[in-house]
Amino acid sequence: MTEKQTVLVTGASGLLGRSIVSELEKNSGFTIIKCAFSRTRDGYVKMNLLNEADIQETLQRFRPCAVIHCAAERFPNKVEENLEEVKKLNVRASEVLALEADKIGAFIIYISTDYVFDGLNPPYSEDSVPNPVNKYGATKLLGEKAVLGVNPANVVLRVPVLYGPVTSIEESAITVLLKAVREEKPQLVSDIEIRYPSHTEDISYIVHQLLKLKLNDTRCIHGIYHWSGKEALTKFQMVKVIANVLGLTASHISPDRDETKLSTGPLRPKNCQLSAARIDDLGIGKHTPFSDGILCALRKFV
């Protein structure tokens, strides 16, 4: 019998982490170490990413062949409010994970973001020069540099805003738009920033394929990759789709095209469309149509 390979997933109780665990558990060839901190439960390993000794002990105990690093502070407002603490998670913890993984011959797949770009000249290739416009994007870019700086053979996967099966509609910046539909009072929703919402199951499938390819040949998969949903949508357009697929009205919602409002709160890039040439060349892309994916994600809440 072939010995199972061990893969450690950080942020395993989060939106993307849960999906990646589910995808990998379909493959009986892996033993999955599900690491979490604030939302641990039976079957999970509690690991404090702000405690370097805890990271070292966990990786030495389980000695995975790969670490899929999903854990991060991903809400721009929270990053702005608590930057120094967030750097410890988004940057330093990523570096320590990479260092400890390198000691045991493991590699990292680091989940990053389209927010490393300024949104002014899309689409962005894997070789485009990053220029984050907010502190969230800046910390994720520093995390990328830390992981690849430890070992250029590590992998960075940049993705846009995510949605999928959520524990509450507030868990995703996409599913939370259901609130606007439900309130049924006149309101404005942004029709300016363009997003490419991606289903967590699509990202999980791609992570799984990258993992398998790299385990088969560590030299062929390395560096930066992009994946993105295929549909360009503003928040207003997403709200219209959500209302339509759920059989609700959105007549009380109007498009907000006032660009002066973009200066309030953390700056968001206008259009960070990602070119996914490297994934396309590998033939491992996967896209769930937004109307199908959002219906599955939200119908239990209606």
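What follows is a working chat about the predicted model shown above.

Colleague: Ground rules before we start?
Modeller: Residues are numbered from 1 along each chain as its sequence is written. In this predicted model, local features need pLDDT of at least 70 and side-chain atom pairs count only at pLDDT 80 or more, while totals for chains, interfaces and linings use all residues; side-chain values use heavy atoms, with hydrogens and water left out.

Colleague: How many helices and strands in the protein chain?
Modeller: The protein chain has 10 helices and 11 strands. Both are DSSP runs, numbered from the N terminus: helices are H or I with at least four residues, strands are E with at least two.

Colleague: What radius of gyration does the protein chain have?
Modeller: 19 Å. That agrees with a compact globule of 302 residues, which would come out near 19 Å. The radius is taken over C-alpha atoms, and the globule rule is 2.2 Å times the number of residues to the power 0.38. Along the principal axes, the C-alpha atoms fill a box of roughly 60 × 40 × 40 Å.

Colleague: And how much of the protein chain is buried?
Modeller: 52% of the 302 residues count as buried. Buried means under 20% relative accessible area, exposed means over 50%, and partly exposed is in between (1.4 Å probe, protein chains only).

Colleague: What about the surface of the protein chain?
Modeller: The protein chain exposes about 13,600 Å². Carbon and sulfur atoms supply 49% of that area. Areas come from the Shrake-Rupley method with a 1.4 Å probe; for residues, only the protein chains shown count as cover.

Colleague: Where do the contacts go, in sequence terms?
Modeller: Take contacts between residues at least 6 apart in sequence: 79% of them join residues at least 24 apart. Contact means heavy atoms within 4.5 Å.

Colleague: On to the sheet. What is the strand order?
Modeller: S3-S2-S1-S4-S5-S6-S10. Those 7 strands form an open sheet with parallel pairing. Two strands pair if DSSP finds at least two bridges between them.

Colleague: Which strands stand at the edges?
Modeller: Strand S3 (45-46) and strand S10 (223-226). Each has a single partner strand, so one side of each is left without a neighbour in the sheet.

Colleague: How many bridges does S1 make with S2?
Modeller: S1 and S2 pair in the parallel sense over 5 bridges. Leu8 stands opposite Ile33 in S2.

Colleague: Which S4 residues point which way?
Modeller: Ala66 and Ile68 point one way, Val67 and His69 the other, and all are buried. In a regular strand the side chains alternate between the two faces of the sheet. S4 also pairs with S5 in the parallel sense over 4 bridges. There, Ile68 stands opposite Ile109.

Colleague: Change of topic. Where is Ser13 found?
Modeller: Ser13 is in the loop between strand S1 (5-10) and helix H1 (15-25). Ser13 is buried, at 7% relative accessible area.

Colleague: What is Ser13 in contact with?
Modeller: Leaving aside neighbours within four places in sequence, Ser13 is in contact with Arg18, Ala36, Arg39, Arg41 and Tyr44.

Colleague: Where do Arg63 and Glu184 lie?
Modeller: Arg63 lies in the loop between helix H2 (52-62) and S4. Arg63 is partly exposed, at 46% relative accessibility. Glu184 is in the loop between helix H6 (178-183) and strand S8 (187-190). Glu184 is exposed, at 56%.

Colleague: Last one. Is Lys145 buried or exposed?
Modeller: Exposed, with a relative accessible area of 54%. Lys145 sits in helix H5 (residues 135-150). The C-alpha atoms of Lys145 and Gln273 are separated by 21 Å, and the two are 128 residues apart along the chain.
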